[in-house]
4 protein chains.
Amino acid sequence: MSYHANSIEKELEIINIPDLEKEFEKSMSAVNHKKEADFIIGGAGSEYTLQHNISDFDNWEIVPSVIRGLDESRGNTATEIFGIKLKTPIIVSPSAAHGLVHSTAELGTLKGTFDAGSLMTVSTFSNELLKSIHEAESAAPWFYQFSFDQNQNLNNFLLNEAIRQGAKAIVVGVFGASFGRRERDIRNHFDFDSDLPFRQLAAFPEYPSGLDILKVNNRKRDINPEEIAKIKEQTGLPVLVKGIQSGADAIRAIENGADGIWISNTGGRQLDGIRSTIKALPEIVEAVNKRVPIVFDSGIRRGQHVFKALALGADLVAVGRAPLYGLHFGGARGVTSVLEQLRTELLNTMLLAGVTDIKELKNNARLEHSYPRA
Amino acid sequence: MSYHANSIEKELEIINIPDLEKEFEKSMSAVNHKKEADFIIGGAGSEYTLQHNISDFDNWEIVPSVIRGLDESRGNTATEIFGIKLKTPIIVSPSAAHGLVHSTAELGTLKGTFDAGSLMTVSTFSNELLKSIHEAESAAPWFYQFSFDQNQNLNNFLLNEAIRQGAKAIVVGVFGASFGRRERDIRNHFDFDSDLPFRQLAAFPEYPSGLDILKVNNRKRDINPEEIAKIKEQTGLPVLVKGIQSGADAIRAIENGADGIWISNTGGRQLDGIRSTIKALPEIVEAVNKRVPIVFDSGIRRGQHVFKALALGADLVAVGRAPLYGLHFGGARGVTSVLEQLRTELLNTMLLAGVTDIKELKNNARLEHSYPRA
Amino acid sequence: MSYHANSIEKELEIINIPDLEKEFEKSMSAVNHKKEADFIIGGAGSEYTLQHNISDFDNWEIVPSVIRGLDESRGNTATEIFGIKLKTPIIVSPSAAHGLVHSTAELGTLKGTFDAGSLMTVSTFSNELLKSIHEAESAAPWFYQFSFDQNQNLNNFLLNEAIRQGAKAIVVGVFGASFGRRERDIRNHFDFDSDLPFRQLAAFPEYPSGLDILKVNNRKRDINPEEIAKIKEQTGLPVLVKGIQSGADAIRAIENGADGIWISNTGGRQLDGIRSTIKALPEIVEAVNKRVPIVFDSGIRRGQHVFKALALGADLVAVGRAPLYGLHFGGARGVTSVLEQLRTELLNTMLLAGVTDIKELKNNARLEHSYPRA
Amino acid sequence: MSYHANSIEKELEIINIPDLEKEFEKSMSAVNHKKEADFIIGGAGSEYTLQHNISDFDNWEIVPSVIRGLDESRGNTATEIFGIKLKTPIIVSPSAAHGLVHSTAELGTLKGTFDAGSLMTVSTFSNELLKSIHEAESAAPWFYQFSFDQNQNLNNFLLNEAIRQGAKAIVVGVFGASFGRRERDIRNHFDFDSDLPFRQLAAFPEYPSGLDILKVNNRKRDINPEEIAKIKEQTGLPVLVKGIQSGADAIRAIENGADGIWISNTGGRQLDGIRSTIKALPEIVEAVNKRVPIVFDSGIRRGQHVFKALALGADLVAVGRAPLYGLHFGGARGVTSVLEQLRTELLNTMLLAGVTDIKELKNNARLEHSYPRA
C-alpha cells in the first residue's frame, strides 16, 4: 500500500492526552496526512459540542474525602460488563479506518487494548476483516459496532459475520438520519484513501469497494426502536444502543430490548449545538434506573473525566480518538500506553479522592456543581 | 457607474457563513470598499448586541432524539406564510443598497432568492425601482419593507407603488426615533455613494436624490400603533411589524391590526446594549400566542440557529447580511448558494435531531438551557 | 511651569470614550507623562473592581419599546438637582490635579462643563484656588468636594472658602480610613509634580505646600456620621455624601442629614475586590426610597451606561476620567466635546429605547438581567 | 554544595505576589533551576484547581462600610492561635525543601517569619534538622507538619524529635493515598537534588538518604481518623489536621480529637478537578461551628483574599509558595517582606472596608456573591 502514516511499535511516555493530540496533529501533518488528522480530531459545525463535551466536565468538581486510612496498594480499577472481566472501566469506542494512523490498523488497536486489560469495539468501517480480528487475538473480547443500512442483505451479512467471528456484543449505532457536517473535512475535500478499503464491507458482494458505501444514499436512515429487538434475536448477543442522549431515548431503547445504553454524541462529530454527554448523563442515569449497564463516551480526555462520569452513574467509559493517537505513535504498545495512562490517572484520582475501587467510586464519590450555576 | 464591487455570477462553495463573512470583508477591502463592508458587517456602539445576537444561541442546546426510523429522503423544509408556499423557512430581510456589493443589486438578490424557493423583502432604501423588481421576476414573491416618514406624501407614494408593483405584504419597520450610532461608519466617515442612488426614493418628486433622504430630519420619527391599521387599510395587504423586541410591543402591534410579528433588532445596528432577539423570543411567542405568524431575525448564521429559533416558536427566520455576502461573490447564484447552505445546514440539524419537517420541528424539538457562560 | 502635558484648545471628534482613553494614554506617553496617565487611568490592586465597574453594566440589557410615535426632536435630557437646571444628567466627578493633563487645569474643565450645560465638582486637591474658580466663571454652578482631615483648622479653612466662593453644595468624600493601593503608581514611583501645587491647600498656612498634605498621616481618618450634620450646619449648603456603596450606609448618611447620596467607589481606585457600583445601585435605591437625590459614578463610559444607571434609579451620573481626556486633547472645548458625546449617546439610547425625557426614562425604561444569572 | 539558587539577603520592594511569582520563575530559570521553579509554582493535572483556588475568590465581592469615623492608626491585624500571639493572621504553610530557592533554606524562612510576627510550619521534607530549627531561633514559634508513613518507627522518630525540639503543634497532613500527578514535574523529569537532602528524614537510621523516602512505597497510605487521637496522645501537643476539604471530614477530624482544622488542597498540587478551598470554606465553617480554630490555605495571593477567607469564617490563613519567592530573592528579609506585603494589603483592605481589627472583620465584614462568571 502506498498510504503510510506510521509503523513504529513502542511504549509511549505520555504527559496527558490533550498534549498527545497536539503531537498527533503535528506528526500526521509531517507525513502529509493533515487531512486525515483533521478527520480524526475534528467535529461537526462550529465544534461547539466537541469542545463542550470536554469543558463541561469542569461544571462538576470533586469533593475528596481524605481521612480514610486508604492504602495505595489496595487501589483497584477492575470491573466487568456482561460477565467479561476488565482491568479498567475504560474501553475503546468504535472508530473508522484505523489504518489512517498506523499500518497495523485495527489489529494493532485490538492487541494494545487486550494488553491493557480492556475491550475494543470494532467499527463497521474497519480496515480489517472480522475474520482477521478473530484470528489475530482470539482471547481478546471485542464488541461489534453495527451501523444500520437500508439494505437488509448487508445488515444480515455483517451481523452474521460478527457472530461467526466471536463478537461478545453488538453495539448498534444510532446517529440520526444523516451524516454530520464536518467543516474541516469539507474544507479539506477529505475522502478515504482507496489504499485503505473497509475490508469487511468490501467483502459484501453488492459493493465492489468498501469505500463506496459511504456514498450510498440508502445508508441514511435512522433505526426504529423495534429493530433493536430484531437484531438481538438475530444475533443472540447482548445489544448496546450507542448514541443515546436523552432519558426518553434510553427508556425507548430498554423497552425495546436493549441490554445496555451507550451515551454518545460520537465525539461531537454528528450534530453541533447539542448538549454535551456529561450534561446529558444524570437525566439518562435516572431514566435507566440501574436496569442495564451504561457506557459513556464523548469528551473523555483525562482520568478525572472518567472519575466524574462514573460518579454520576456511568458503568464504563469509552474513548475513541485517544487510542488512535497511541496507535499512531507506537502501534499496539502505544494503544496500551494510552489506556494505561488514563487508567493510572483514574486510579490516582480515586486514591486522592478517597475511594479504592469502582464500586466505592460509584456509591460514595461526591461531586458538586462548580460555578457558575444555572 | 464608477462604483464597482463585483459583477461575477457563479455558484459558491461555502463552508459556513461566518467564514464567508471574513472572506467578504477581505474581498471588499481588496477593491477599496472596506468602508462599505464595515457598513454591512458592523453594528451599533460597542457591538455587544451584534455579538450576543449570535452567541446567545449557545444559551440553548439541542437534545436530539435518535431512534425514530427516520429516512433522510423524507426530510423537508417546506413551509408557508400568508398562503405563499416556500421551500425553506429562511427568507431575506430587508437591507439597504445591494448595489454596494454587486452590480446586479436587488435584482440579483431577488432572482437568487427566487431560485432558492424563498422570498425577499425589498427595502425602502433599494437601489432599484419597485417597477424593475416587478418586471424582472414577476413570479417571485416579495415583501416591501416600508420605512415610515413624517412626510405623508412620501409614505403614500411608496405604499402605492408597492401595491402597484405587486408586493405580497408590507413590512413596517419600527426602529425607534433615531438612527443607530454605528461607530465603524462614524470612524470611516461612511456615506452612500452617489453612483448608487436609492432609485425608488429618488423617484419621489420632492427629493432630487434618493440619498438625501437619510439626512432629512423628519425621517426620525417612530410609528404610532394606530398607523399600522391605516397602512393595512390603505394597501389592502398583510402588514408585518418588524423591529418587535418585547411581548408588550407584540401585543400592541397585534391589537392594532398587525398580521405578523417580525422580531428584529436590525442585526444589532440600531441600539447597542439591548438583549439579543433569541433571548427576547420566548416572551414574544407567549404574547403572540399563535394569533399571527412570527418572523425572527438578527443573529442567524448557521442552520442550528434556524433550528433553535423555530423550536422556540418562530415560524420563519430572516437573514440580511448573509445574502449580501452571496450576492457579492456570485450574484444571483451566490444568493442561492447562501440560502441553500443555510437550508442544508438546517435540514441536516433536523435529521440528526430527529425531526423531518418544520411542523414536527416546531412541535417536538427539544431544547435545554445550557449552563450560563460569560 | 516646566510641567507640560498640552495646551491646545479645540473641539474633538470622538468615536467613543474607551477609544479616547487609549489615545489619551498614548498622547501622555508621547510627552513623557505616562506615569500621570497611569495615575488617572489606573485603579487599586488587580483592577478587578475598576474593570467590573464597566463590564457589570453588561449584566443588564435594555428592552426597547418601539411603537410609540416618538419624534426625535422631542428628545430631551434636561434635569436638575437642588433646583439647579442642567441640560444633561451627566455631571463631572471630583478628581485631583487637572493640571496633570492640560495647562488650563480646573479652569478649563469648569468652562467646558458650563458650556455643556452641566456642573462640575471641584476637588480638594485642585490645582486652582477656589477664588479663581469663582472669578473665572461666576455663572457656572459647581459643587465642592470636601476631603475630611483630622485637622479641624484645615477643614474650617476649606469649607469657609467654599462658601465664600459660591459652591452650590458640599460633596463629602467617604473613602475609608486609608489610601488605595494603586499598583501602577507604586511601580512608577508616582508623585505629584511640585510644579503643580494643590493651590487651595497650599493657601492653608499650616502646610507650606499643598502637595505635602498627602503625606500627612492625620488625613487618614474616615468620617463619622455625625460630622455630616455638622458640615451641613457650618456651611448652610446641601451636603452630598460621596462614596456610598451599600443601603445601610445610605440610610446612615440620610439619617444624619445628607441631602443627597453619591454612589461611588472612586472608579475602582480605593479598594479592589469590592462589588461594582452598578451592582450596588438597586440595593441603595431601595434604601434611599426617593428621600434624596442619588448621584451615581464609577464605570460610566457610554451613553447606554448612563441609561442603565438612571433606569435602575439614579438621578444623575458623574464622570471623572472622561472629562480629563477631553481636557487633555482640547482644553475647555474638549471637555464640552466629551460631555456632549455622552449626552448624545444617552439621547440616542433613549430615543431608540422608546423614551424621550429623563422622567420617562426613570419611570418607564425596562431592563432585564442578561445571562448569566446568579 | 554545588546546588545554588541564591544567597542574597535583602528587603524586597514588592508590587504584588503574582508579579513576584513571575519574577521568581524568571530568576530561577536564569540560574538553571527552571525545573525547581516549576516544582514550586505548578499544580496537578490541568492545573484547574490551582487556578480556581485563586480565581474563585472573585466569586465573592466585598461590600465596604465607609462612614465609621475609623482612624488608620487603630488598624490592627493581631490575632492568636493556641495562645500564641501573632502580629498577623497570615502564617507559613509547610513546603518541602526550602533549599531549592535559597542557601539558608528553612532557617531563612524561620527567621523571616519570626521577624514578621508570624509562625512557620516546618515540613517533614525540610532540608534542615529540627534541632537546627530549634537552635537557630528558639524564640520563634513553629509547628511541625507531620507526613504519616506506614513505618511506625519513622513516625515515632519524627514526632519525638518534633516534641524535643519545641514544636508548638503537630500539623498532620492528610493528602489521600497517593501523590499528585504534577505534569510539569513529569515533563521535566524533576527529581530532588542530592545536594539538598531532607536532613531530618536522613537522620532516620533506616533510610540512608532523606531523598529516598519519596520513592518508598509504604508512604502511600492515608491516615485513619483514630490515628489523630494517637498522635495527640503521643505528643501532648495540639494537633491540626491539614488537608480538610469537606464538612464531613472536618467533623470526623474533630470527633477524633483534632484541635484545629486546616483547610487545604495543598495549593492544587495533589488532585486536580476538585473544588477550590474558598468554595469549600463555608461548608466547613458551618460543620466546625467554632469548636476549634480553622486555618485556611491554597489560593491566597493578595490581602483581599485573606480578608475574604477570614470574613467567611477562617481564623488564620497560610501561604506556602509566596514565602519561598521572598526567600529566594532576599533570604530571611525577603520572607519578612512577603509576609509584611500581604499583611499591609490586608490592613489596607480592612480599613477601606470599614473594620479595624480581626475580630471585627470576622464579625462584621460583609461579602456578597458576585455574578457567576465562567
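This is a predicted model: local features need pLDDT of at least 70, side-chain atom pairs count only at pLDDT 80 or more; totals for chains, interfaces and linings use all residues.
**The interface of chain B and chain A**

- The contact involves 37 residues of chain B and 48 residues of chain A, and the area buried between the two chains is about 3,400 Å², with carbon and sulfur atoms giving 50% of that area.
- The size of an interface is often expressed as the accessible area lost when the parts come together.
- Six salt bridges are counted between chain B and chain A, and E368(B) forms a salt bridge with K279(A) in which the closest N and O atoms are 2.7 Å apart.
- Sorted by class, the side of chain B that touches chain A has 14 nonpolar, 10 polar and 13 charged residues.

**The largest nonpolar core**

- The largest nonpolar core has 101 residues, and those touching the most other members are I170(B), I261(B), F296(B), F307(B) and L361(B).
- Helix α13(B) provides the largest share of this core, 13 residues.
- When neighbours within four places in sequence are left aside, the residues in contact with F307(B) include I62(B), L346(B), M350(B), V355(B), L361(B) and L367(B), and T349(B), A353(B) and A365(B) are also among them.
- In soluble globular proteins, nonpolar side chains tend to be buried together.

**Q165 of chain B**

- Q165(B) is placed in the loop between α6 (152–164) and β7 (169–173) of chain B, and this residue counts as buried because its relative accessibility is 6%, under the 20% cut-off.
- The side chains of Q165(B) and E161(B) are joined by a polar contact of 2.8 Å, while, leaving aside neighbours within four places in sequence, Q165(B) is in contact with L130(B), K131(B), H134(B) and W142(B).

**N188 of chain C**

- N188(C) lies in helix α7 (residues 183–188) of chain C, and N188(C) counts as buried because its relative accessibility is 18%, under the 20% cut-off.
- Not counting residues up to four places away in sequence, N188(C) touches K35(C) and D38(C).
- Between N188(C) and G267(C) there is a separation of 79 residues in sequence and of 20 Å in space, taken from C-alpha to C-alpha.

Conventions: Residues are numbered from 1 along each chain as its sequence is written. Chains are lettered from A and ligands numbered from 1 in the order in which they are written. Side-chain values use heavy atoms; hydrogens and water are left out. Contact means heavy atoms within 4.5 Å. Buried area is the accessible area (1.4 Å probe) that two parts lose on being put together, summed over both. A salt bridge is a side-chain nitrogen of Lys or Arg within 4 Å of a carboxyl oxygen of Asp or Glu. Ala, Val, Leu, Ile, Met, Phe, Trp, Tyr, Cys and Pro count as nonpolar, Asp, Glu, Lys and Arg as charged, and the others, Gly among them, as polar. A nonpolar core is a set of buried Ala, Val, Leu, Ile, Met, Phe, Trp, Tyr and Cys residues joined through side-chain atoms within 4.5 Å. Buried means under 20% relative accessible area, exposed over 50%, partly exposed in between (1.4 Å probe, protein chains only). Helices (H or I, at least four residues) and strands (E, at least two) are DSSP runs, numbered from the N terminus. A polar contact is a pair of N or O atoms within 3.5 Å; within protein, one must be able to donate a hydrogen and the other to accept it, and residues adjacent in sequence count only if both atoms are side-chain atoms.
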